[in-house]
Each structure stands twice: as structure tokens, then as C-alpha cells.
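Here's a structure to look through together, with a few questions along the way.

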Amino acid sequence: MLRNLLNNIIFQSVFLMTTLILMGIFIPNWLVFVVTKAIAYGLVGLGIITLMRGGLVSFGQGFVFGIGGYSAGLLGVHAGLTDAILLLFISFIVTGLVGLIIAPLLARYRDIFFAMLSLAFSMVLYGILIKIDAIGGSDGFVLPESTYFGIKPTTDYADYVLYVVSILVAGFVSILLRYYYNSTPGLIALAVRENELRVEYLGSSAFKVAVLNFTIAAGLGGMGGALNGIALGHIDPEFTYWTTSGEFVFISILAGYLSVPAVFLAALLLELVRSFSGRYFPDTWQLILGVFLILSIIFIPSGIGSFFKNFFDTFSKNKKS
Amino acid sequence: MLDISNNLLSAKNINKSFGAVIAANDVNIDIQKGEKVSLIGSNGAGKTTFMNMVTGYLKPDTGNIYFKGEEITKLNPRIITQKGISRSFQIPQIFEPMSAWENLLVALGTSKQKNSFFKDARSKNNARYIDEMLERFSLNEFAHRQVSELPGGVRKLLDIAMALVRKPDILLLDEPTSGVGAEEKYPLMNTLAKALSGEDLTVIFVEHDMDIVQNYSDRIIAFYQGAVIADGNNQDVLNDKKVKEYVTGKTQVKAKS
């Protein structure tokens with residue numbers, strides 16, 4: 001019975017969320033902020049691994065990250081909408097719809113063509129955003145302070161409240177995604193990754209799988225962008241720049257596509273490497289990041305997620321025996 | 001109006017060329033429900049091209065293909081599969097990193113009209129069905145092994161089992177014994193025949209081994225340079241002069257001896 005409980009997706013997620021929320025009370029404020037940012041990036045990374053499970057990698061998730069961030073920012077500034085949870089939800093819907101619109105075009109391409117086309121979308125958006133002075137041009141603009149169900153937390157607690165919200169959102173999304181990955185459509189996506197033609201000959205559409213996964217990835221990317229914008233209190237066109245998209249790919253490669261929690265861990269590692277390198281090696285932090293990625297690819301080619309998967313597989317086998 | 005109502009599958013005046021190579025030359029074939037038909041011919045005779053056109057991978061340059069009276073000439077493989085024509089491949093098209101069990105699970109998932117996003121694919125009902133399929137194809141012992149590690153004959157059977165999950169009306173098998181050792185061929189075909197027995201199924205298979213052709217089909221269609229040179233019961237086709245000359249090569253062998 002205990003093993004069944006430990007194997008339960010919801011129990012695992014609730015346990016992890018509770019632990020992290022409690023930990024947030026004791027960890028320093030800078031770390032609370034780093035974890036929140038890592039969750040924002042992790043949400044985008046989750047989108048990319050959803051695509052990776054269907055055999056695609058997007059180099060342009062900055063596109064939806066930017067749209068999500070700007071949606072939250074513009075709604076805050078111009079519509080007076082400051083509720084963080086509502087903004088995250090709206091950003092998910094808006095970018096999901098954008099994803100659904102462009103997915104049929106992108107889903108016709110594979111491999112590097114898909115990746116580069118997605119990158120092209122993000123760069124076009126970047127080019128547009130830096131030219132629009134009404135929304136701050138290349139400087140971007142400041143977001144109003146967030147509220148939660150009409151309550152505005154004091155400055156001392158603002159970061160922690162957003163941290164709690166981001167953990168709850170990430171946990172909820174993770175549960176849904178794990179259900180999706182374990183479902184028949186999730187399994188078919190993995191089959192598409194391996195042999196698209198065979199999937200078609202079995203009567204399923206690889207195109208539909210790509211559209212669905214891109215739409216999910218877009219929604220998550222937008223939500224991540226909104227969370228990042230809210231956490232920083234600022235949004236600018238860098239959200240859509242190709243280096244930002246590169247960081248999401250970095251997270252996804254480091255995590256691998258086998259595990260959901262691994263994505264957040266990878267995002268946290270990225271944030272920590274960036275924070276420490278930026279502090280102690282301000283001019284060479286990309287070098288540190290590059291070396292870190294090379295070592296990851298050499299020593300854990302299937303990503304951190306392979307450790308998680310091996311652990312749970314062993315756990316399940318022990319349970320059966 | 002063409003009368004194709006009595007045929008399960010009809011190919012009418014099919015022509016297909018790849019540059020100067022004629023892969024189908026005015027091919028006319030009618031297949032009735034329940035037939036076990038083998039397609040024979042030397043390499044490049046047009047057997048696999050015919051199969052690829054029936055399953056939508058290739059489109060004929062001219063001519064039409066009908067299934068249950070409905071034209072399917074321009075449909076894609078997915079739609080044709082959904083309509084009831086499944087196939088296996090000369091080189092098994094299976095999902096290499098997955099186990100045999102998971103491969104069948106994917107096949108089962110694709111065969112369903114609707115799949116829930118929140119229901120575990122490894123449900124008890126699905127598991128029971130897959131275990132039955134594995135049993136039927138004598139694949140139980142390989143169920144949880146990664147398919148990339150499996151021997152050729154087992155991979156062939158799995159490929160066919162996956163095609164059968166959808167319960168098609170027609171099953172096309174592209175060289176089911178190719179790449180399989182001589183001693184494995186009959187056990188594989190026996191397993192296959194046993195697995196297919198009791199199914200209301202029409203089987204069309206491409207095969208080079210004439211003993212297998214005689215033992216497992218009740219009708220033979222012989223191809224040569226894209227054209228059908230003989231079509232009928234086993235005895236008639238294998239004794240046909242053109243078939244002996246261009247396909248089985250027995251006339252030549254006799255002449256030499």
C-alpha cells in the first residue's frame with residue numbers, strides 16, 4: 001500500500017510541492033528568487049521536452065516566452081490586471097492559441113528545418129518588439145506589482161508568495177503532463193519520434209501529434225514568460241532573443257525527455273551556474289555554462305532525467321518482484 | 001460504371017513509372033474476400049510497387065484502386081489503414097527503443113478512435129489484449145525485451161502482429177520470410193498461419209520462396225517487368241510457361257541440365 005502511494009503521481013507531486021513550499025520559508029530570499037526564475041524557465045523546458053518526445057526540438061521558444069511575458073505585462077499596465085495567477089492562466093491561453101495557429105505550418109517540417117523555422121519566428125518578433133516605442137522598444141517596460149486574489153503582499157513576502165504560486169503552478173502542470181506522457185496519445189508521440197511512417201501505417205497522424213505538442217509547448221512557454229516577467233517586474237525584447245531560446249534548449253538537453261522533475265532541476269542548475277558564474281566570473285559565465293553543457297552531454301547523454309527514470313524503474317521492478 | 005461490387009480490392013489499369021523504369025504496366029487485379037494471395041516475381045518485377053500503391057505510399061500515374069467499392073487511389077497510408085488495409089514491411093518497421101509489449105501497445109492505441117489524455121495507456125484491458133496477441137504470435141517470452149535486441153524472425157512476427165491489431169480486412173505482408181534463416185522460415189510461417197486462423201481476413205503477400213508460396217496461398221499472381229503475366233490457382237500459375245521462364249526460372253534450369 002505504501003509503495004502504491006509512493007508510485008502515485010499526485011502523491012509524489014504534492015509531497016514535492018509541500019517540501020519546497022516549506023523549504024522556501026527557511027532559504028534565503030535570493031534563492032527564493034532563483035528558484036522562481038528556474039520554475040519559469042523550467043515551464044518552457046517542459047514544453048521543449050514535450051516536443052522532444054515527439055521527435056522535434058524548437059530553437060525558438062523565446063517566441064512564446066516573449067508573447068507570454070508581454071501579454072502579462074501589457075494586461076498589467078494597460079488593463080490594470082495584476083493578479084499573478086490570472087495573468088499566468090491568460091498567458092497560457094494566449095500563447096497556446098498562438099501556438100495552435102502557427103503549429104500547422106511548423107508541423108509540416110522536421111529536424112533542423114522545424115528548429116530553424118521556430119527560431120525565425122522568435123527573431124521576427126524580437127525585430128518587431130525593439131522597434132515599437134509604445135511598449136518600451138529595446139528597453140521594455142516595468143510591470144505593476146502583483147496581487148493574489150485581490151491581496152497585495154508586503155514587499156517582504158512578495159517574492160515568497162510568488163515562489164509558492166510558481167511551485168503550485170509547476171506542480172499542477174507537471175501532474176497533467178505526466179498523465180499525458182503516460183497516456184496512449186503520449187505513447188504514440190514517443191512512437192512518432194522513433195518511426196513516423198510506421199505510425200501513419202498504423203492509422204495515426206504524426207502531424208496531429210506535432211500540432212498538439214507544439215500547442216502545449218507554446219502554452220507552457222507563454223506561462224513561463226509571464227512568470228519570468230512577474231518575477232523580474234520587467235519585460236524587454238531579450239525574452240525573445242535567440243540566446244534566451246538557447247538557454248531553454250540547454251535546459252532540455254541537460255534534463256532529457258524522460259522525466260518531468262528533471263527539467264526543473266536542470267533549470268535550477270542553469271540559474272545557479274548563471275548566478276555564481278555571473279558573480280565570480282562576470283565576463284566568462286557563458287564559458288562556464290558551455291563547459292557545463294559539454295560535460296553533461298558526455299557523461300549523461302540521456303540527461304538528468306535518465307537517473308530519475310532508472311530509479312523509478314528499479315523501484316517498480318522491486319515492487320513487482 | 002465499373003462493376004467492382006463483388007471484389008474486396010480492385011486495381012484497374014494501373015500504370016507507374018520511375019523515369020525509364022516501368023514498375024506497373026496496365027495492372028488489373030481483383031481480390032475477393034478471404035483469399036490468400038501471393039505475389040511472385042523477380043526483384044524489380046513490381047510486386048512491392050503494387051503493394052505500395054494499394055497502401056497509399058505511392059500513387060499510380062494512371063489507373064484506379066478500389067477497396068470495398070470505394071476509390072482509394074489518392075488516399076494517404078493513414079486513411080487507407082483506417083479503412084481496413086494494414087501492412088507489414090520487408091524490413092520490420094518497429095519502434096526500436098521500446099519493448100515488444102510497448103510496440104503492441106502503440107499499435108493498439110492507434111487503432112482506437114479516441115484515446116484519453118488522462119488514462120494510463122497500460123490499463124488492465126489493454127494489457128490483457130496485448131498479452132493475448134503476444135500469446136497468439138508466440139511472442140510471450142520476448143514481451144519485455146527491447147525490440148532492437150530481438151532476432152529477425154521475432155521482429156517480423158511483431159511487425160505483422162502490430163498490423164493485425166487494428167483488425168483489418170486486408171493484410172499485406174511484404175516478404176514475411178526475407179532475412180530469416182532457412183530453418184526459421186517454416187516455423188515462422190506456421191506461427192503466422194496459426195495466428196491468422198479464425199480471422200475473417202484477406203491476405204496478400206510478396207514471397208520469393210516457391211515452397212512457401214505453394215503451402216500458404218490459394219492463389220498466385222506473377223509479375224514480370226511491372227505486368228501481371230499469370231494469375232490463378234497455384235498449380236496453373238506455377239506451371240505457366242511464362243512464369244517458369246521469367247519467375248521461377250525452372251525452364252532455364254532444365255534446359256541447362
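Q: Keep in mind that this is a predicted model. In which loop is B:Glu141, and is it buried or exposed?
A: In chain B, B:Glu141 sits in the loop between α4 (124–136) and α5 (152–164). Exposed means over 50% relative accessible area. B:Glu141 has 66% relative accessibility, so it counts as exposed.

Q: How far apart in space are B:Glu141 and B:Pro92, C-alpha to C-alpha?
A: Along the sequence, B:Glu141 and B:Pro92 are 49 residues apart. In space, their C-alpha to C-alpha distance is 19 Å.

Q: Let's move on to charged pairs. Which residue forms a salt bridge with A:Arg198, and is that partner buried or exposed?
A: Side chains of opposite charge can pair when their charged atoms come close. For A:Arg198, the closest N and O atoms of the pair are 2.9 Å apart, and the pair crosses between chains, from helix α9 (residues 196–201) of chain A to helix α5 of chain B. A:Arg198 counts as buried at 1% relative accessibility.

Q: How many residues apart in sequence are the parts tied together by B:Asp200 and B:Lys33?
A: The side chains of B:Asp200 and B:Lys33 meet in a salt bridge, 3.2 Å from N to O. B:Asp200 lies in the loop between α6 (182–196) and β8 (202–206) of chain B, and B:Lys33 in the loop between β2 (21–31) and β3 (36–40), so the pair ties together parts 167 residues apart.

Q: And how many salt bridges does the structure hold over all chains?
A: Another one joins B:Asp61 and B:Lys16, at 3.7 Å from N to O. Over all chains, the count is 17.

Q: Over to chain A: are helix α3 and helix α10 roughly parallel or antiparallel?
A: Two packed helices are described by the angle between their axes and the distance between the axes. For α3 (residues 29–53) and α10 (residues 206–232) of chain A, the axes come within 7 Å and cross at roughly 170 degrees. Angles over 145 degrees count as roughly antiparallel. That makes α3(A) and α10(A) roughly antiparallel.

Methods: Residues are numbered from 1 along each chain as its sequence is written. Chains are lettered from A and ligands numbered from 1 in the order in which they are written. This is a predicted model: local features need pLDDT of at least 70, side-chain atom pairs count only at pLDDT 80 or more; totals for chains, interfaces and linings use all residues. Side-chain values use heavy atoms; hydrogens and water are left out. Axes are lines fitted to C-alpha atoms, for helices over the stretch in contact, and angles run from 0 to 180 degrees between N-to-C directions. Helices (H or I, at least four residues) and strands (E, at least two) are DSSP runs, numbered from the N terminus. Angles under 35 degrees count as roughly parallel, over 145 as roughly antiparallel, 65 to 115 as roughly perpendicular and the rest as oblique. Buried means under 20% relative accessible area, exposed over 50%, partly exposed in between (1.4 Å probe, protein chains only). A salt bridge is a side-chain nitrogen of Lys or Arg within 4 Å of a carboxyl oxygen of Asp or Glu.
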